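Please look over the sequence and structure before reading on.

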Amino acid sequence: MPTIPAKTAKSAKTANAAKAARKAATSTKRTARAATADVPALSDAAASRFRRALHAWYRANCRDLPWRETRDPYRILVSELMLQQTQVSRVLDFYARFLERFPDLDTLAAARPHRVMEAWEGLGYYARARNLHALAQHVTTEAQGVIPSDPEALRELPGIGAYTAGAVASFAYEKRAALVDTNVARVLHRVFAPDIAPKSGPGSKVLWAIAERILPRTGKQTWTHNQALMELGALVCGARAPKCGGCPVSKQCRSAHSFE
Ligand code: SF4
């Protein structure tokens, strides 16, 4: 068996140790960056420019969707739960049929569980239907039938997370409340913070902080603003092939050139 000279073995060992040290240092740096991910600086003027471009685009390009024609918190809530993990085109029929059968919170609260599940049949993710039913029963018995308008109070209800709380507060009550769903996260990540890991805990906090930072001053404008962010993510800034050429915020977007 050939013998490896002591000097060669030693230098190989040293090279490996150096490589491991470099790897550890890189990993430590990554962890530190993720843990301390800062909210990117954004001036009032830049936030305002972003909003102006986004809102003008939305007014000219938004889709007519039934849940955009109402401020009824029950109807908004039904639409928001149905839209979780489900495409708009698929939700449209279910939404109309469900509301025909359960037109208000009281009717839904009084329904037998299997009737609710029947109306949800085919839409999938059935925990949403169970949560919606439980929520209707809770609100009718414990909250005088009034769906709260405050995001914190909304989050106390069955099946309501941070996104849905922000959606109901802003879309039903026109409250100045931020929201971040998958579409909004993608837009904010690409435009303002391409360096962060958007799915990490710290990254998600940064995206929520950006969403808060760019909110308009009033609740009424917030309705348009949140709808517009979601619409941009759905129609222009898609996950696979963002259409940067026709994007209203491309001048401000830090990722626009990455997709050319
Ligand atoms: S410029 Fe491109 S990446 Fe940036 S928000 Fe618009 S579509 Fe998305």
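**Confidence along the chain**

Residues 1-12 of this predicted model have a pLDDT that stays under 50. For that stretch, the model has one contact beyond four places in sequence. Residues 17-36 also have a pLDDT below 50, and five contacts beyond near neighbours in sequence are found for them in the model. Where pLDDT is low, the predicted coordinates should not be read in detail.

For the protein chain, the average pLDDT is 89. A score of at least 70 is reached by 86% of the residues.

**Alanine 165**

Helix α9, which spans residues 162-173, contains alanine 165. Is this residue buried or exposed? Alanine 165 counts as buried because it has 22 C-beta neighbours inside 10 Å, and the cut-off for a buried residue is 20 or more.

Leaving aside residues up to four places away in sequence, alanine 165 touches Pro151, Leu154, Arg155 and Ile160.

**Arginine 49**

Arginine 49 belongs to helix α2, made up of residues 44-61. Within 10 Å it has 14 other C-beta atoms, so arginine 49 is partly exposed; that class lies between the limits of 12 or fewer for exposed and 20 or more for buried.

How far apart are arginine 49 and valine 249 in sequence, and how far in space? The two residues are 200 residues apart in sequence, while their C-alpha atoms are 8.8 Å apart in space.

Note on methods. Residues numbered from 1 in each chain as written. Predicted model: local features only at pLDDT ≥ 70, side-chain atom pairs only at ≥ 80, totals over all residues. Helix = DSSP H or I, 4+ residues; strand = E, 2+ residues; numbered from the N terminus. Contact = placed C-beta atoms within 7 Å. pLDDT = per-residue confidence, 0-100.
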